[in-house]
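Have the viewer open as you read along.

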Amino acid sequence: MEELYERLRESVAAIRQRSDLRPRFGVVLGSWLGPLAAEVEDAVVIPFTEIPGFPVSTMLDDPGRLLLGNLEGQPVALLSARVHLYEGYTPAEVVFPIQVLQQLGAGAAILTNAAGSLDPELEVGSLLLIADQINLTGHSPLLGRNEPRLGPRYPDMSAAYDPALREVARWVARELGVALAEGIYLGILGPEFQTPAEVRLARALGADVVGMSTVLEVIAASHCGLPVLGLSVISDSASGTPPEDGAASLERARAELAGLVRGVI
């Protein structure tokens with residue numbers, strides 16, 4: 001764990017050489033929200049490849065960037081991509097950027113993702129406020145010796161998605177006239193989508209949506225005392241099949257989600 005803390009210090013020091021901004025919010029952009037990065041004002045842009053210890057996305061032509069600047073008048077640190085377990089990264093590597101955000105001074109994290117619907121009433125293009133999660137990845141980023149300078153050995157997960165931030169998100173959605181469902185996010189390993197039997201199991205467990213990210217990040221955030229707001233765009237059914245006419249719905253959802261994030265900030 002001493003090695004982890006030293007790697008964090010090295011990453012933060014490299015970032016501080018480029019910007020001394022202390023973010024109020026750390027934002028992780030999942031699928032469908034990438035254009036929000038262009039709205040960060042006075043941004044210092046640092047490719048993940050130039051930050052020591054930072055994992056690099058293998059899913060995009062752009063391996064990912066950290067943007068430090070202002071959004072809606074607030075200082076933010078924004079991650080334009082994330083990595084996943086199915087890319088071959090370890091749980092500790094997946095959550096390293098979250099720990100960096102906390103070490104940079106972020107007071108809260110806004111985590112966004114694309115998810116598959118388990119609820120017939122959650123159609124493609126719907127937005128979901130994550131109230132809680134089920135971790136079925138089979139992994140935890142906290143395995144091994146604990147680093148007490150980051151957090152406790154046994155972190156409390158009873159309010160992993162911060163109630164106060166969720167109330168702010170509900171208020172913003174009402175003000176914007178955006179429909180915002182609320183439910184449980186089930187995290188799986190991936191990269192394959194679910195079989196019909198697995199979909200039935202997920203529903204039986206009480207999940208509303210399923211995805212391949214976020215749950216480990218939230219565990220790490222809870223561990224280091226970083227309040228989290230989680231938001232999903234429903235991009236497909238849990239089987240991974242998008243509707244034929246889903247493109248327009250997803251484009252609308254992307255704009256609504258961007259507006260929701262800006263409003264919360």
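Q: What does buried mean for a residue in this predicted model?
A: Buried means under 20% relative accessible area, exposed means over 50%, and partly exposed covers the values in between.

Q: Why is Glu 147 called buried?
A: Its relative accessibility is 3%, and the cut-off is under 20%, so Glu 147 counts as buried.

Q: What makes Glu 147 and Arg 149 a salt bridge?
A: The closest N and O atoms of the pair are 2.9 Å apart. The limit for a side-chain nitrogen of Arg and a carboxyl oxygen of Glu is 4 Å, so the pair qualifies. Arg 149 is partly exposed, at 42%, whereas Glu 147 is buried.

Q: Which residues does His 223 touch, and is His 223 buried or exposed?
A: His 223, in helix H5 (residues 215-223), has 5% relative accessibility, so it counts as buried. Leaving out residues up to four places away in sequence, it touches Leu 142, Asn 146, Glu 147, Leu 150, Gly 151, Pro 152 and Pro 155.

Q: How do you know that the side chain of His 223 makes a polar contact with the backbone oxygen of Gly 151?
A: The distance is 3.3 Å, and a polar contact needs N or O atoms within 3.5 Å, so the pair passes. The backbone oxygen of Pro 152 lies 3.1 Å from a polar atom of the His 223 side chain.

Q: What makes Arg 18 and Glu 50 a salt bridge, and where do the two residues lie?
A: Their closest N and O atoms are 3.0 Å apart, within the 4 Å limit. Arg 18 is in the loop between H1 and strand E1 (25-28), and Glu 50 is in the loop between strand E2 (41-47) and E3, 32 residues apart. Arg 18 is partly exposed at 38%, and Glu 50 is partly exposed at 43%.

Q: Why is the pair of Arg 262 and Glu 72 said to tie together parts of the chain?
A: The two form a salt bridge at 3.7 Å. Arg 262 lies in helix H6 (residues 246-264) and Glu 72 in the loop between E3 and E4, so the pair joins parts that are 190 residues apart in sequence. Arg 262 is partly exposed, at 24%.

Q: How many salt bridges does the structure hold?
A: It holds 12 salt bridges.

Q: Why is Leu 127 called buried, and what is in contact with it?
A: Leu 127, in strand E6, has a relative accessible area of 2%, so it falls under the 20% cut-off. Its contacts beyond four places in sequence include Val 178, Leu 180, Val 233 and Leu 257.

Q: What makes Leu 201 partly exposed, and which patch holds it?
A: Leu 201, in helix H4 (residues 196-204), has a relative accessible area of 47%. Leu 201 belongs to a nonpolar surface patch with Leu 136 and Leu 205, with about 270 Å² of accessible area together.

Q: Which residues have the most contacts inside the largest nonpolar core?
A: They are Ile 15, Leu 66 and Val 100, in a core of 49 residues. Elements giving two or more residues to this core include helix H1 (2-16), strand E3 (65-71) and helix H2 (91-103). Apart from it lies another core, of 31 residues, among them Phe 25 and Leu 129.

Notes:
Residues numbered from 1 in each chain as written. Predicted model: local features only at pLDDT ≥ 70, side-chain atom pairs only at ≥ 80, totals over all residues. Heavy atoms only, no water. Patch = residues over 30% accessible without salt bridge, like charges linked within 9 Å, V, L, I, M, F, W, Y side chains within 5 Å. Areas by Shrake-Rupley, 256 points an atom, 1.4 Å probe, with all protein chains shown as cover. Helix = DSSP H or I, 4+ residues; strand = E, 2+ residues; numbered from the N terminus. Buried < 20%, exposed > 50% of the residue type's maximum accessible area, 1.4 Å probe, protein only. Polar contact = N/O pair within 3.5 Å; in protein donor to acceptor, adjacent residues only side chain to side chain. Contact = heavy atoms within 4.5 Å. Core = buried A, V, L, I, M, F, W, Y, C linked by side-chain atoms within 4.5 Å.
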